[in-house]
Amino acid sequence: MGQDHIRYDILAQDALRGVIRKVLTEVAATGRLPGDHHFFITFLTGAPGVRISQHLKSKYAEQMTIVVQHQFWDLKVSDVGFEIGLSFSDTPEKLVIPFNAIRGFYDPSVNFELEFDVPLAAEEEDLGGAEITAYPVASEKPETEAKPAGGDDKKPASVVSLDSFRKKQ
């Protein structure tokens, strides 16, 4: 197989992050979520450009999952990320999250999930490529980290993986 000078894996990852950007832009414009939609967004707390309070950073040293549902404010979306106001134990917090820091996006109302292979700080030396998985999830209830639902009683998920496009070493 030839060398991928175009880097389709990165292009596809950017395109799927564009889905998140578009959805959040529409929510920011209206100030509310349509229908029963709500989002679980998992991101790396130590990624470049992430801004969260020291309290949250100490509690979630590597990654955290936020829920965008009933109570949020000041949602602003840019080309590179978004900022949002959320309450944690009755304490208001402002979070700034670059799209490149997102590991997962899950909307349980329609069982839609995007998962990105974003390396943790300890894994950063092995940046051989990025894996992207997009699939509907059969579960009615999200798991804590918005991971794919599993189990024998669940219907199989449709998986799109870009692992085969990685540069072989």
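Two strands are taken to pair if DSSP finds at least two bridges between them. On that basis, this predicted model contains an open sheet of three strands in the order β3-β4-β5, with antiparallel pairing. Within the sheet, G81 stands opposite P98 in β5.

**The three-stranded sheet**
- The order β3-β4-β5 describes an open sheet whose strands pair in the antiparallel sense.
- Its edges are formed by β3 (73-77) and β5 (91-98), each of which pairs on one side only.
- From one strand to the next, the twist averages 20 degrees.
- Strand β4, spanning residues 81-88, is joined to β5 by eight bridges in the antiparallel sense.
- Opposite G81 stands P98, a residue of β5.

- I41 counts as buried because its relative accessibility is 0%, and the cut-off for buried is under 20%.
- Leaving aside neighbours within four places in sequence, the contacts of I41 are L24, M64, T65, I66, V68, F82, I102, G104 and F105.
- I41 and F105 lie 64 residues apart along the chain, and their C-alpha atoms are separated by 4.7 Å.

Key: Residues are numbered from 1 along each chain as its sequence is written. This is a predicted model: local features need pLDDT of at least 70, side-chain atom pairs count only at pLDDT 80 or more; totals for chains, interfaces and linings use all residues. Side-chain values use heavy atoms; hydrogens and water are left out. Helices (H or I, at least four residues) and strands (E, at least two) are DSSP runs, numbered from the N terminus. Axes are lines fitted to C-alpha atoms, for helices over the stretch in contact, and angles run from 0 to 180 degrees between N-to-C directions. Buried means under 20% relative accessible area, exposed over 50%, partly exposed in between (1.4 Å probe, protein chains only). Contact means heavy atoms within 4.5 Å.
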